[in-house]
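Subject: Structure handover

Hello,

Here is the structure for you to look through. Please open it first, then read my notes below.

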Amino acid sequence: MTDPAAGPTASAAPRIDVVTIFPEYLRPLELSLVGKARRDGLLDLRVHDLRDVATDRHRTVDDTPFGGGAGMVMRPDVWGRAIDATGQAPGPDGGPEVRDVVLLVPTPSGTPFTQAIAHELAGAVSGAAGPPARLVLACGRYEGIDARVAERYAGEPGVTVREVSIGDYVLNGGEAAALVVVEAVVRLLPGVVGNPESLVEESFGDAGLLEYPVYTKPPSWVGLDVPEVLRSGHHGAVARWRRDAALVRTAERRPDLVESLDVDRLDARDRDVLDGAGYAVVGQRVRRRPSIRAAASTDAAALADLAAATFPLACPPDTTLGSARAFVAEHLSAERFSAYLRDPDRTVLVAEDATGLVGYTMLVAGEPYDAHVAELVIDRPTIELSKCYALPRMHGTGTSRLLIDASLDAARSGGARSVWLGVNQQNARARAFYAKAGFDVVGTKTFQVGERLEDDYVLVRQLP
Ligand code: JAH
């Protein structure tokens, strides 16, 4: 085994072996913090050339894939010898080293490599809990390593195999990812970072937020000023500004992190900031608020699906499934929605989140068709809020309120002085909701679903 990047190390130091066909690729591990840790005897890092255990005169490490396909696959027998050879180095007393092994294989199909895994690995190699383990990094090239290598070592007592990905992109091999893993682990080893305070990792630690932006001198540069509060000397205000900035940044860049925040650790100000960034606290979770937009002609089919999923919710409990289905088929098909979307008197608004459409409203402008309703409405021009539905899983999330507010805005900007609607008398949830949105009961009307006439309340809201 060649060891071009090795420095003098104490044998008791945390041990990391890297196996690669490009040992020179790992030369940066002689530099900076990792290089210093090696020279200081805080780390026993050894780089090995995989070809040293090849047996033919060409030092072959790969072959064609069984089952066909492009490229080459690395041979398991060569990898087996190389991995086994990393354990052959003598221990402190000259005998063979026996240590548990973590075999880490960088691959785009691995589980995400995280700060938590870096901590686990640092703990394992430094012997934080029990005897220290060796970390062996296997850098693949070509189409990867024969799958039996991971399988064989996973079945070996004292060996843990971790196939990890440092991100969703493809490299030419595992070496660059191995550099990343080694750097992330080594900086966590005892004594490697002089001031452990500068182990800045709150991003993925307790707070679950990205770091706030940082600034230094000069206070003004190319017309860009450092935020005044950071120069104020007001520590409380600085801390609050940084927390706000971290929340906004995380909201903009990492919705996944925002949605896994612990709501019990969010104060009223945090919730306001998240609200401004498009998130709402719903029960014990932070959820992205759906966005509201005007429906486009391309939404017709999705609107029909949404209508089919939501219409039954508005029916009284004794409505037959058949009559509800017949109503949906007749009035809420994709074809009907296409026509509604072309009708200049109709405005369809949709609520949309990452999963697709989650709610909709439909406004119908003009004199109420029913003369009885027309008598109940005083302020003209008026517009009917003919539909307002959200998926059951959105109930209690504020989605319907967003839709109503946007619908009232649309009605107002269309020149309407009032909005009216019919709601089934038995639908207490809807009635309470419309009362909150400023609608008053002004009378009753009937509404036909299949053979049956349903009794509706007529509600009206004036628009200022
Ligand atoms: C490419 C073997 N997650 C980053 C990553 C890690 C490893 C590789 N690619 C991307 C890779 C070819 C062969 C490993």
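Helices (H or I, at least four residues) and strands (E, at least two) are DSSP runs, numbered from the N terminus. Helix H1 covers residues 32–39, and serine 32 belongs to it. Serine 32 is not a glycine, yet its phi is positive, about 55°.

Some ground rules. This is a predicted model: local features need pLDDT of at least 70, side-chain atom pairs count only at pLDDT 80 or more, and totals for chains, interfaces and linings use all residues. Residues are numbered from 1 along each chain as its sequence is written, and side-chain values use heavy atoms, with hydrogens and water left out.

The side chain of serine 165 has an N or O atom 3.1 Å from a ligand nitrogen. For isoleucine 166, a backbone N or O atom lies 3.0 Å from a nitrogen atom of the ligand. For glycine 167, a polar backbone atom is 3.2 Å from a ligand nitrogen. Taken alone, the ligand exposes 360 Å², and the protein buries 95% of that (Shrake-Rupley method, 1.4 Å probe).

Where does the ligand sit? It is in the second largest pocket; sitting there means that more than half of its atoms lie within 2 Å of the pocket's grid points. A pocket is an open set of points on a 1 Å grid over the protein atoms alone, where a 1.4 Å probe fits, with protein on both sides within 12 Å along at least five of seven lines; lining residues have an atom within 4 Å of a point. The volume of this second largest pocket is about 490 Å³, the space filled by probe spheres set on the points, which are joined across faces, edges and corners. Its lining has 27 residues; Pro106, Thr107, Pro108, Glu143 and Gly144 lie nearest the centre. S5 gives the largest share of that lining, five residues.

Last, the peptide bond from lysine 217 to proline 218 is cis, with omega near 5°.

Best wishes

Note on methods:
A polar contact is a pair of N or O atoms within 3.5 Å; within protein, one must be able to donate a hydrogen and the other to accept it, and residues adjacent in sequence count only if both atoms are side-chain atoms.
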